[in-house]
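Subject: Structure for you to look at

Hello,

Here is the structure I said I would pass on. My notes on it follow below.

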Amino acid sequence: MAAPHFSSIGLEVASAADMQALIDRVVEDSEYLEARGGVYLIWQAGDGPELWLQCDEENTVIGLCPHFVGTSRLRVGLIAAVERPGQTALDGSFYGWVNPRGEDFTEGDYPLVFDCPDAGALAVELPCETTVQLSAFAHHVEVYDDPAAYERSQTGESKFASMSFVPAGLFRGEGEAEATPPVAYGILTGHVTAAEQRQNPLSGRTYWYAAVTTLGGAVDVVIAGELVPRLAAGNVVSGGFWLSGQVIQDDA
């Protein structure tokens, strides 16, 4: 798991030693969740950040994934699971369409792929329409004072609306094979409806949380403190984000 994903919730993981130290700190305070192929140990900060420690059936640690639990809710038509070479038995990702239309859910506002921290414990029959809590972890981001300031910045040939989403993780680079699995990544632009600087209790490091309205609905956004000096309701954020989502199991 890339270091920017952890820094977005105020954690510094720059080496294998950092990763092991983090695991040692959270393992005793984690809750257990049985899954296919092993068990998840879940550490929760209480105000959003989570760490999902993966252990196989021999109780060996095989992975660690961050997530952020927020208030966002998106309707998504889940089409298929995404499998990648080298993934663990407890890793999982989904491909689907936001605000799906049609009986097979293959149309909608836009397609996307998101990684799912508890995929090994889910019981979903695909394809299906469901609700997803989606968090976007910033890799790079720009902040604009308001939609008008953002619109003035759009001077190139390619212009994007202040509420837009580009499923960049579905694009293949030059020379990539047709069968290359898509990644959980998107270029998101949206309006900030609420923002708060928070502190991770494990590290003391600050990060930003923002509720963001973009094309298709609301997304929870988290940004490393060093990436932006300020963030407030009324701003526009635009950048590249890793996408982590959870299926809401009690969805009506």
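To begin with the cysteines: the structure holds 0 disulfides. C65 takes part in none, and the nearest cysteine sulfur to it belongs to C116, 10 Å away. C65 counts as buried because its relative accessible area is 11%, which is below the 20% limit. C128 is likewise in no disulfide, with the sulfur of C116 as the nearest one, 11 Å away. The relative accessibility of C128 is 17%, so this residue is buried too. Please keep in mind that this is a predicted model.

Overall picture

The protein has 3 helices and 13 strands. For 252 residues, a compact globule would have a radius of gyration near 18 Å, and the protein agrees with that, at 18 Å. Along the principal axes, the C-alpha atoms fill a box of roughly 55 × 45 × 45 Å. Of the 252 residues, 50% are buried. Among contacts with a separation of 6 or more, 62% are between residues 24 or more positions apart.

In soluble globular proteins, nonpolar side chains tend to be buried together. Here the largest nonpolar core has 57 residues, and L22, L51 and L243 have the most contacts inside it. Strand β8, residues 128–144, supplies the largest share of this core, with 7 residues. L22 touches F6, L11, V13, L51, L64 and L202, leaving out residues up to four places away in sequence. There is also a second, separate core of 5 residues, including A35, Y40, I42 and L90.

Strand β12 and its partners

Strand β12 covers residues 217–224, and it is largely enclosed by the rest of the structure, because 6 of its 8 residues are buried. Which strands does β12 pair with? One is β8, in the parallel sense, over 3 bridges. In that pairing, A136 has V221 in β12 as its bridge partner. Another is β11, residues 206–214, which runs antiparallel to β12 and is joined to it by 8 bridges. Here T213 is bridged to A218 in β12. The hairpin of β11 and β12 has 2 residues between the strands, and G216 takes a positive phi near 95 degrees in it.

V222 lies in β12. Is V222 buried or exposed? Its relative accessible area is 0%, so V222 is buried. Apart from neighbours within four places in sequence, V222 is in contact with S8, I9, F68, A136, F137, A138, Y207, W208 and Y209. F68 is 154 residues away from V222 in sequence, yet their C-alpha atoms are 7.9 Å apart in space.

Two residues with polar side-chain contacts are worth a look, S244 and Q54.

S244 sits in strand β13, residues 236–247. With a relative accessibility of 1%, S244 counts as buried. What does the side chain of S244 meet in a polar contact? The partner is the side chain of H67, at 2.6 Å. Leaving out residues up to four places away in sequence, S244 touches P66, H67, D115, P117, Q133, L134, S135 and F137.

Q54 belongs to strand β3, residues 49–56. Q54 is buried, its relative accessible area being 1%. The side chain of Q54 makes a polar contact of 2.6 Å with the side chain of T88. Beyond its neighbours within four places in sequence, Q54 is in contact with V39, Y40, T60, V61, I62, G63, C65, T88, L90 and D91. Among these are Y40 and L90, which are included in the second core.

Regards

Key
Residues numbered from 1 in each chain as written. Predicted model: local features only at pLDDT ≥ 70, side-chain atom pairs only at ≥ 80, totals over all residues. Heavy atoms only, no water. Core = buried A, V, L, I, M, F, W, Y, C linked by side-chain atoms within 4.5 Å. Buried < 20%, exposed > 50% of the residue type's maximum accessible area, 1.4 Å probe, protein only. Helix = DSSP H or I, 4+ residues; strand = E, 2+ residues; numbered from the N terminus. Contact = heavy atoms within 4.5 Å. Pairing = 2+ DSSP bridges. Polar contact = N/O pair within 3.5 Å; in protein donor to acceptor, adjacent residues only side chain to side chain. Disulfide = S-S within 2.5 Å. Rg over C-alpha atoms; globule rule 2.2 N^0.38 Å.
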